[in-house]
Structure formats: structure tokens, C-alpha cells
Amino acid sequence: MLMAGKTFYSCACFVTDNIFLEDYKAHVRYQNEQQFKRDYEVFLGDKGCTTEQQFSSLLAKIQKEVERRRLLNQQSIDRKKTILKSYKPLHRDVYVLQPSFLTQEFLQIVTYCKSHNATVSGLLERIQSLRDPIE
């Protein structure tokens, strides 16, 4: 899937695997009805899913969950597009990092790190002094 120059990947197994059946306290895999019936009919029968109506109802729930998972990625992209299109920040200035957002101690450490005489031990001393309790 492509959006704004980025490629998003999702594993196909997310859609079909690890579907939890609350009533039977089991996780299953669903690729299609034939596979599901072949792999789980006996197991579910032992767990109490014994009638065709129970099995059909369970199958409908699973298919609904598979469809929900299949659509998640596109729904997420659609929400992002809607937000980008309609959201107007109330305070644009908070989206730009400003020195006033940072503590003076942190800014001093940054200045030190930018200097030519900065050393790892000097940096560690400054960081440690921030950890020491103020008395």
C-alpha cells in the first residue's frame, strides 16, 4: 500500500491467523470455509459446537472478524487522510521545537556536546549532576 511516498507492509497471517473464539477458548486459523471445517470441525465438536446452526453462527463471526482485519489498513489510511485534510492546529507554535520548551540544564549539555572540547566523560559528569538530588 502506498501513501505519501511510503510503503506500508502487513503480514497476510494477521488477517487469517490467531482468531480467538471466546465461546470455545481457542485460537484458530481461517483461510476459507473448507479449510476451517476440515481443520476444526472435530475439535469444535468436542468443545460443544455440535449443531449445524452453532457451526454456521461461529463461521459467520469468524468471517466478520477476518473482514474487519482485512479492512483495518485501508480504514487507517482513510482516517489519516481525513485528519490531514480537516484538522487545523489551534496553536501552530507547539509543532515547532523551541528552546523555551527545554530546561536550561539540557540546553547547557547540548551546547557542551557541540563544543570541540567535549568528551564522553565530560558529558557523563553533566548528566550525573542532573541526577544528583538538589539540596
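Mentor: With a definition: a nonpolar core is a set of buried Ala, Val, Leu, Ile, Met, Phe, Trp, Tyr and Cys residues joined through side-chain atoms within 4.5 Å. Keep in mind that this is a predicted model.

Trainee: Which residues have the most contacts inside the largest nonpolar core?

Mentor: In soluble globular proteins, nonpolar side chains tend to be buried together. Here the largest nonpolar core has 15 residues, and L21, F36, L44, L58 and I62 have the most contacts inside it. Two or more residues come from each of β3 (19-21), α2 (33-46) and α3 (52-86). The largest share, five residues, belongs to α3.

Trainee: What is L58 in contact with, leaving aside its neighbours within four places in sequence?

Mentor: L58 is in contact with L21, Y24, F36, L44 and C49.

Trainee: How many salt bridges does the count come to?

Mentor: A salt bridge needs a side-chain nitrogen of Lys or Arg within 4 Å of a carboxyl oxygen of Asp or Glu. By this rule the count is seven. One of them joins E22 and K25, with the closest N and O atoms 2.6 Å apart. E22 is partly exposed, at 47% relative accessible area, and K25 is exposed, at 56%.

Trainee: Where in the structure are E67 and R70, and how are they separated?

Mentor: Both lie in helix α3, three residues apart, so about one helical turn separates them. R70 is partly exposed, at 48%, as is E67, at 33%. Through shared partners, salt bridges also join E65, R68 and R69 into one network.

Technical notes:
Residues numbered from 1 in each chain as written. Predicted model: local features only at pLDDT ≥ 70, side-chain atom pairs only at ≥ 80, totals over all residues. Heavy atoms only, no water. Buried < 20%, exposed > 50% of the residue type's maximum accessible area, 1.4 Å probe, protein only. Helix = DSSP H or I, 4+ residues; strand = E, 2+ residues; numbered from the N terminus. Contact = heavy atoms within 4.5 Å.
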